[in-house]
Amino acid sequence: MGFKEEIEKRKTFAIISHPDAGKTTLTENLLLFGGAIREAGVVKGRKTGKFATSDWMKVEQERGISVTSSVMQFDFDGYKINILDTPGHEDFSEDTYRTLMAVDSAVMVIDAAEGIEPQTLKLFKVAKMRGIPVFTFINKLDRMGKEPFELLEEIEETLDIETYPMTWPVGMGPSFFGVINRRKREINPYREDEPLKFNEFYELETPHKIEEDVAYQTAMEEFMLVEEAGDQFDEEKIARGDLTPVFFGSALASFGIAEFLDTFVDFAPSPKANETKNGGIVEPTDKEFSGFIFKIQANMDPRHRDRIAFMRIVSGEFERGMDLTLQRTGKKSKISRATMFMADSTKTLDHAYAGDIIGLYDTGTYQIGDTLTSSKHIEYVDLPQFTPELFVKVSAKNVMKQKHFYKGIEQLVQEGAIQYYKTIHTNQPILGAVGQLQFEVFEHRMKNEYNTDVIMEPIGKKIARWIENEDVITDAMSTTRSTLVDDRYGNKVFLFENEFALRWFQDKYPVVKLYSLL
Ligand code: GDP
């Protein structure tokens, strides 16, 4: 394959969903389809901690996170597909959001019985902000769930996106018969093998006993309605993230996956161009290598206490042993240890292309958002900062350890592990996070890497708002219910207890213009 073709063939995406919607099961079935794994249970198996050898891993193991399956590549129909994991539950963190900065599309998995859940919504908003295509897989049709029209309406209203069903379910739960494949004009039966073709009048070409079935008749009527009155298929809208192709199926039964993959590879974008800080654009097919770091994972290998920096390749081709310049410092170094992540292993990498994610061994050199290039002098735009929802006051247990304490905080903040704030006048350090695990990881790493025990106390604040017009702020506005702090860049931020406190503040000080980050 030529250089351009290699890049064209790459599809890099993340699955966004609420815990338990079926992300792991779907991932596994995609890998099965791609022949990357031979049996189900491999991805899940990771959660039991096969690789749990270090203290760090123990924290992760307790939490049931699978570090090693952060990125998985598989082949399908000549395409190289990269799936990036977005952790859920309490392990939800800024990393989860940042992962969406490194993909070209997202697949949203929805539990048919639950509809849109909070974490799906949060992640969808980030995908929306990036304007990337979102594909929807409505899962667990083998169980009773909401009606298909109700689900589509919920997606359209909650997420403000048009829907285009690529498949339509016939029945659900015990009466689940299968899905109508809109492109292929056939019904893929759940329990039988042979697809049933239908003609332009929605009549089956070969009469079948299912035609008498109520579920079948209802589904066909609904489907005709969708075709007549539903949104039009529009590739450009899909590309902009304004319309989501929708699939129905059961990840557990590996049903509806083929329909999904066929369409996904046709309409999901190949690697996109990226914007630089000075407004330039770098195309993926640019021969010169470039990439950016979007995630840093500590202590993958306990014997070396090192880290792995995850880099999204933006342009060019990576070759083992190549010299790359870290643009922030101007330092050049030979990259002899890079990893490619496969479904059930990591392998030392020889070649990788724009769109791929590679892991670089790191001994503290890299930061989130860093650009590395083979020769260009460019830096990619900063990754966005996200509004934290959890805050703690932090201090060193041993006052003699202040130096280590601040050094540790500085490093971990630079890595993007945690957000740092301090109260005005009193300079009390405050940490912000989007997920509880970030605090635990912080505490653990401060002890292990910076030899500092920390004390963290919740401060009873949930909402952070930045200020457009800082000049109107007075000291009197900072109270226990609306605490004024500086962020790490010196911007003023108010921390509020709850929505009520926020509204109260806005009513009292309408002159203050507040805003939130993503
Ligand atoms: P995740 O938290 O989103 O990764 O969800 P999992 O893939 O771990 O699935 C959560 C639970 O739902 C597990 O018990 C799965 O076996 C189950 N599950 C996943 N997909 C389906 C499905 O299509 N049908 C049914 N009935 N259960 C499913």
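Helices here are DSSP runs of H or I with at least four residues, strands are runs of E with at least two, and both are numbered from the N terminus. The model is predicted: local features need pLDDT of at least 70, side-chain atom pairs count only at pLDDT 80 or more, and totals for chains, interfaces and linings use all residues. Residues are numbered from 1 along each chain as its sequence is written.

Helix α2 spans residues 23-33 and is mostly covered. Nine of its eleven residues are buried. A residue is buried if 20 or more other C-beta atoms lie within 10 Å of its own, exposed if 12 or fewer, and partly exposed in between, with C-beta atoms placed from the backbone. The buried residues of α2 include the leucines Leu26, Leu30 and Leu31.

Across the protein chain, 44% of the 518 residues are buried. The chain contains 13 helices and 31 strands. Two residues are in contact if their C-beta atoms, placed from the backbone, lie within 7 Å. Of the contacts with a separation of 6 or more, 69% join residues 24 or more positions apart.

The protein chain is divided into domain 1 (3-267), domain 2 (274-373) and domain 3 (390-515). These bounds come from an automatic or database domain assignment. The C-alpha centres of domain 1 and domain 3 are 38 Å apart.

Leu514 lies in strand β31, which covers residues 514-515. Leu514 counts as partly exposed because it has 18 C-beta neighbours inside 10 Å. Beyond its neighbours within four places in sequence, Leu514 is in contact with Arg465, Ile467, Phe494 and Gln506. Glu319 is 195 residues from Leu514 along the chain. The C-alpha atoms of this pair are separated by 47 Å.

Confidence was examined through pLDDT, the predictor's confidence in each residue, from 0 to 100. The mean pLDDT of the protein chain is 88, and 89% of its residues reach 70 or more. Two segments call for caution. Over residues 44-57, pLDDT stays under 50. The model has 21 contacts beyond four places in sequence for residues 44-57. Over residues 59-68, pLDDT also stays under 50, with 19 such contacts. Where pLDDT is low, the predicted coordinates should not be read in detail. For the complex, the predictor gives an ipTM of 0.99 and a pTM of 0.90.
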